[in-house]
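Please keep the sequence and the structure in view while reading.

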Amino acid sequence: MRLVFSGFMLQYVDYRRTVDLDAATLGHAMAELARLHPRAAELMLDAAGGIRRTHQLFLNDLRLPDPSPDQPLAAGDRVEVLTAVAGG
Amino acid sequence: MTAALVTGEGRGYEDAAAEARRRWGGLLDDVGKDAPRRYAEGTALPREAFRRAAEEGLTGYALPPRVGGGGAGPGAWGRTQQELGRLCADPVFPMLVGVQAGIAGVLAAAGDDGLDERWVRPIVAGACVPALAFSEDADLFSMRTRIRPDGAGFRLDGRKEFVGGGLTADVFLVYAAAPGGDLVACLVDAGDPGVRVEPVTGLGFATGASARLLMADVPIAADRIVAPVDGLSHAQRFLNTRRIDIACTVAGQMRTLLDRAVERLRVTERHGRLLIDLPNVQAALGRMSMGVVTAHAVTGHALRHIESGRLQPGFDPVVATAKHQVTAAALALVEEAFRVLGGHAYYGDPHFAMAVREFHGLVAGSGTQEHLEINLGVHAAHTPGGAG
């Protein structure tokens with residue numbers, strides 16, 4: 001599967017727009033992301049392990065309103081991460 | 001001419017505006033008295049003004065009745081803020097009331113009886129004045145204010161560089177980085193050991209009692225934690241709602257500036273002619289008027305969007321567009337005013353100089369214009385055809 005980043009998150013994945021991972025669920029994908037890009041995973045996940053609500057996830061262009069770690073993923077799936085944050 | 005005719009808004013706006021004038025016109029008159037002199041001196045609005053705003057039901061107008069609020073919906077609250085912006089000669093007062101109401105709103109939204117009793121009800125009653133402690137001259141992912149576990153509670157260290165209303169606040173809503181990179185939202189009492197505030201000045205917000213908040217090893221009890229996890233999203237939700245508050249207030253302020261410009265141009269002669277009869281002046285007024293209508297149109301659209309239940313928490317493209325466009329229109333309006341009013345805007349009527357200062361603050365406030373543009377662009381890439 002492929003994770004797709006844009007905007008502010010790019011700096012935490014070495015400015016690569018796509019990260020290809022071998023993962024069968026969203027939870028696996030986040031674990032893989034944590035191994036490759038720990039800071040990106042920190043910013044994706046809250047302390048309880050859930051996807052922070054400030055990120056919107058789109059699975060093959062369909063928005064996941066409440067992304068679960070158990071969300072199954074197939075080999076060709078594309079999960080796009082939309083991160084709209086401001087302030088500081 | 002009625003507000004509805006000027007702005008294209010309908011009955012809902014008129015009703016809310018009339019209600020605001022009836023309930024809070026006296027308060028706004030009192031707060032606005034001598035505002036230009038106080039603004040020029042940098043004299044802070046008295047705490048009493050905020051106590052009175054709460055006691056007269058303004059601060060809690062949109063809060064749930066269970067915490068003593070008025071239960072007004074987002075549309076009525078937004079239209080009320082437009083009228084506050086229009087009526088109040090001190091541009092800072094409605095902004096600070098909006099922040100205070102927003103803080104009470106996010107605390108009430110937690111649905112925690114303890115938070116309600118200890119903080120929300122006192123804020124709504126005027127017994128406690130809150131302030132937002134967020135900005136620290138860092139990006140959102142690099143906040144240097146830190147919170148760490150300490151026994152059954154926590155300890156807080158850091159500084160917030162610009163806290164509107166900080167000198168007169170009783171409690172601060174502070175965002176701090178926790179071990180592991182998460183953000184935590186917590187409440188810091190102004191009297192807590194290790195807390196210090198010192199005055200700061202900026203380009204604007206001159207009557208806003210602005211402060212730097214310094215925190216050194218401040219003990220934070222567990223019940224002061226508002227958002228124990230994902231404070232990042234908590235902060236974004238807060239800023240999201242601030243954007244519509246700002247847009248509404250400024251739209252009202254723009255109307256008053258247009259009125260003041262027209263009033264002056266109607267009686268000012270140059271080369272034997274009234275300025276208002278000159279085509280170039282009329283064109284400038286036309287551009288200013290379009291700015292006012294645009295500001296009311298985008299805020300009205302955003303308010304209807306929120307009322308329909310379509311507000312996206314965290315980042316809403318319609319609300320962000322409203323804040324961005326109102327800011328741009330406000331800056332353009334005040335520049336036009338300087339062009340046609342000349343020295344009168346510079347030294348004759350201090351409201352225009354105050355507006356210049358305040359409107360430039362909007363460029364940075366609640367998400368810089370640049371940040372909003374980036375976010376809107378990223379969002380547009382996912383929602384071809386527009387955001388609604």
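How many salt bridges does the rule find across the interface of chain B and chain A? In this predicted model, the rule finds two salt bridges across that interface, and one of them joins the side chains of Asp230(B) and Arg52(A), with a distance of 3.4 Å from N to O. On the side of chain B that touches chain A, helix 8 (231-267) and helix 13 (369-382) of chain B each supply at least two residues. The residues on this side of chain B comprise twelve nonpolar, eleven polar and seven charged ones.

| Item | Value |
|---|---|
| Residues of chain B in contact with chain A | 30 residues |
| Residues of chain A in contact with chain B | 23 residues |
| Area buried between chain B and chain A | about 2,300 Å² |
| Share of that area from carbon and sulfur atoms | 60% |

Within chain B, helix 12 (residues 350-364) has as its buried residues His351(B), Phe352(B), Met354(B), Ala355(B), Glu358(B), Phe359(B) and Leu362(B). Because these residues cover an arc of only 150 degrees around the axis, they lie on the same side of helix 12 of chain B. Their cover includes helix 3 (35-41), helix 6 (92-109), helix 10 (317-341) and helix 11 (343-348) of chain B, together with helix 8 and helix 13 of that chain. After helix 12 of chain B comes Ser366(B), which has a positive phi near 55 degrees.

How values were computed: Residues are numbered from 1 along each chain as its sequence is written. Chains are lettered from A and ligands numbered from 1 in the order in which they are written. This is a predicted model: local features need pLDDT of at least 70, side-chain atom pairs count only at pLDDT 80 or more; totals for chains, interfaces and linings use all residues. Side-chain values use heavy atoms; hydrogens and water are left out. Contact means heavy atoms within 4.5 Å. Buried area is the accessible area (1.4 Å probe) that two parts lose on being put together, summed over both. A salt bridge is a side-chain nitrogen of Lys or Arg within 4 Å of a carboxyl oxygen of Asp or Glu. Helices (H or I, at least four residues) and strands (E, at least two) are DSSP runs, numbered from the N terminus. Ala, Val, Leu, Ile, Met, Phe, Trp, Tyr, Cys and Pro count as nonpolar, Asp, Glu, Lys and Arg as charged, and the others, Gly among them, as polar. Buried means under 20% relative accessible area, exposed over 50%, partly exposed in between (1.4 Å probe, protein chains only). The arc is that of the directions from the helix axis to the C-beta atoms.
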